[in-house]
Amino acid sequence: MLATSDMLCSHLYSPNEDSTTKCPFGDRCRYMHDLQSFMNAKPPDISENCYLFKSYGKCPYGVACRYGAKHLTVDLKNIVNEDIYDSTRAKSTFNVLSKVLQEQLRKRTFEFVRSEAHLGRIKQPVSKETTDSTHVNNLQSAQLVEGVPAQEDCVAARCTVSEDVPLGGKTDEGVIKLRPDEKKKFDIRGKLYLAPLTTVGNLPFRRVCKELGADVTCGEMAMATKLLQGQQSEWALIKRHESEDLFGVQVCGAHIDTMTRCAELINSQANVDFVDINIGCPIDIVFKKGAGSALMGRATRFEGIVRGMTEVLDFPLTVKMRTGIYSKTSTAHKLIPKLRDGGVSLVTLHGRSREQRYTKMADWEYINSCALAASPMPLFGNGDILSFEDYNQQVAGGNIAGTMIARGALIKPWIFTEIKEQRHWDISSSERLDILRRYVNYGLEHWGSDTQGVENTRKFLMEWLSFLYRYIPVGVLETVPQRINERPPTFVGRDELETLMASSNCQDWIKISEILLGPVPQSFSFMPKHKANSYS
C-alpha cells in the first residue's frame with residue numbers, strides 16, 4: 001500500500017481548475033503537493049483508454065489516473081469532453097457517508113428519536129458495545145474505505161458527499177411510527193436474490209450480476225457498532241449503485257440497543273428497500289461476540305432485536321439464518337414462526353448449520369419444512385445452487401418462495417441468465433474475459449483509476465478469481481450439470497485462456513489480473529481472504 005506522503009493531494013488532480021489547484025489544508029495536509037515529483041515517480045500508464053473519461057467525459061482522477069493519455073495535455077491539463085460531460089448528472093452511487101453525518105456520529109450528537117423512545121419503554125440498559133464506542137478516537141483520520149486510507153485532510157475525489165437524505169435532527173417524522181400497513185410493501189417471490197457476500201460481494205460485482213439477471217441485491221455484511229461510530233470502511237459496505245433497483249443492507253450485531261439505533265440510522269440516512277439481519281455468520285470472531293449465528297442460541301435477545309428494529313424502520317425487515325448452531329440440532333423451525341409474528345417480512349434459510357460451515361450438502365428438505373412453518377411469510381432457500389436444474393429441483397412445486405444464490409454466483413455469475421432462460425450457457429473464455437473486463441471498469445469507477453484504486457481493484461478481482469477458477473465449461477464436462485461441491489480434476493481447456501482460467505495456482509490468477517490491469521507492483525503477493533472458496 002502506498003504511503004500517504006507518496007499519494008498526490010486530490011486538490012491537484014485537475015491543475016487546470018483554479019478552484020482545486022490549492023489545498024485548503026496547507027501545511028497540515030499529509031499528502032504530496034509537488035506535482036512534478038509525483039509525475040516523475042508515477043508508474044507508467046496501463047493503457048491510454050480511460051473508462052471514466054470515455055463513459056462520462058471527464059476523469060475525476062486527472063493527473064493521477066493510470067489511463068490518462070487521452071485526457072491529459074502535454075502540460076498536464078485535464079481534458080473535458082463537453083459533448084458527453086454533464087456536470088449536473090446525479091451521482092450514480094448512494095449511501096456515501098458525508099463528513100457532517102460522520103462528525104455527528106463520532107461526537108454522538110445524532111438524535112435517535114425513535115430508538116430512545118422504544119428503549120425507554122422496555123428499559124433496555126446500554127450495552128458495553130455502545131459504551132465502548134464513545135471511547136473510539138474521534139480523530140481517526142485514516143479510517144479504511146474498503147481497505148484504503150480515506151483522505152481526511154483533503155476531500156478525495158472518491159469520497160463525494162451525499163446530500164440526498166436529511167441529517168439527524170428531531171422532526172415529527174422521527175417520532176411518528178408507521179402502522180404495518182403503511183410500510184413499504186415487499187414481495188420478491190420468485191425473484192433471483194444475490195446473497196450478501198463478504199469481501200467479494202462488493203458494488204462492482206453486484207453491478208455485473210445485475211446485468212446478468214440478478215433481481216435483488218444486498219450489500220456486504222456491516223457491523224452495527226461500526227456504522228454507529230461513523231467508520232468509513234463500514235459505510236463503504238452499504239453503498240448502492242443506481243442499477244440496483246431492489247437493494248438492501250445487511251447488518252450484524254449482538255445487542256438490542258445498538259441494532260435498534262443502527263436500524264434508525266439506516267432508516268433516516270440511507271437509500272435502501274429493506275434491512276436484513278445476519279444471524280447466520282459462522283465466523284469465530286463474530287460468533288464469540290454473541291452476534292451472527294450465536295443469536296440462534298439466544299432467542300429472547302434476538303426477538304428483542306427484531307422488535308426494536310421493526311419499531312424504528314419504515315421499510316421491511318428480513319433475516320438470513322442457518323439451520324442452527326450444531327449439525328445434529330436444527331432450531332430454525334422453532335424461531336421462524338416467532339419472526340413471522342414479530343413483523344419480519346422474509347426469512348432466508350441457508351440449509352447448513354454453523355458447525356457445518358460449507359461442508360456437506362445443504363438440507364433442502366429441512367428448508368421446505370421451514371417454509372411451511374413460515375407461511376404466509378415467504379421463505380427463501382439458500383445453498384448449493386449452481387445451475388438452472390438445481391434451481392428447478394429446489395423451487396418448482398415446493399413451498400419455497402425463491403432462492404438466494406451465493407457461491408454459485410461467484411463461480412459463474414451468468415447463473416442468473418441460465419435460470420431465466422432455462423439453458424446451460426457454454427460460455428467461451430473470451431466472453432468470460434469480457435465479464436472480468438466489465439468488473440475491472442466498474443472497479444476503477446468505484447475504487448479509483450489512480451495507482452491506489454488500480455491495486456484495490458486488482459485485490460478484489462483476485463478474491464473473485466479464487467472462486468471463478470472452479471467453473472468447468474459445459475463443453476468440457478462429462479456429465480452436465482456441474483455440482484457445487486464436486487472437486488474437478490485438472491483439465492486442459494479448449495484454448496489457452498480457458499486453461500489459464502481453470503488454474504488453481506495463485507500465480508495464474510495474477511497473470512489474468514495483469515491482462516486487465518497491467519503488471520503487478522514489485523514484491524506483490526496474494527492469499528485469498530475468504531475461506532468459503534474451499535471444497536472441504
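## Terms and model

A polar contact is a pair of N or O atoms within 3.5 Å; within protein, one atom must be able to donate a hydrogen and the other to accept it. The model is predicted.

R240 belongs to strand 7, which covers residues 240-241. R240 is buried because its relative accessible area is 6%, and buried means under 20%.

Two polar contacts of the R240 side chain may be described. The R240 side chain reaches the backbone oxygen of E244 at 2.9 Å. The side chain of R240 also forms a polar contact, at 2.8 Å, with the side chain of N271. Beyond four places in sequence, the residues that R240 touches include S92, T93, F94, L203, R206, D245, F247, N271 and D273. S92 is 148 residues away from R240 in sequence, yet their C-alpha atoms are 8.3 Å apart in space.

E418 is part of helix 17, which spans residues 415-421. With a relative accessible area of 0%, E418 is buried.

The side chain of E418 reaches the backbone nitrogen of W425 at 2.9 Å. Leaving aside neighbours within four places in sequence, E418 is in contact with S387, F388, K412, R423, H424 and W425.

## Packing of helices 18 and 19

Two packed helices are described by the angle between their axes and the distance between the axes. The axes of helix 18 (residues 429-447) and helix 19 (residues 451-468) come within 9 Å and cross at roughly 145 degrees. The crossing of helix 18 with helix 19 is right-handed.

On the side of helix 18, the contact involves R432, I435, L436, Y439, V440, G443, L444 and W447; these meet G453, V454, N456, T457, F460, L461, W464, L465 and L468 in helix 19. Sorted by class, this contact of helix 18 with helix 19 has 12 nonpolar, 4 polar and 1 charged residues.

In soluble globular proteins, nonpolar side chains tend to be buried together. Here, the largest nonpolar core has 144 residues, of which I266, I277, F302, M309, M321 and L436 touch the most other members. Apart from this core lies another, of 7 residues, including M221, C252, C281 and A291.

L436 also takes part in the contact of helix 18 with helix 19. Not counting residues up to four places away in sequence, L436 touches L461, W464, L465, L468, M501, I512 and L516.

How values were computed: Residues numbered from 1 in each chain as written. Predicted model: local features only at pLDDT ≥ 70, side-chain atom pairs only at ≥ 80, totals over all residues. Heavy atoms only, no water. Helix = DSSP H or I, 4+ residues; strand = E, 2+ residues; numbered from the N terminus. Buried < 20%, exposed > 50% of the residue type's maximum accessible area, 1.4 Å probe, protein only. Contact = heavy atoms within 4.5 Å. Axes fitted to C-alpha atoms, helices over the stretch in contact; angles between N-to-C directions. Left-handed = near helix turned anticlockwise from the far one by under 90°. Nonpolar A, V, L, I, M, F, W, Y, C, P; charged D, E, K, R; others polar. Core = buried A, V, L, I, M, F, W, Y, C linked by side-chain atoms within 4.5 Å.
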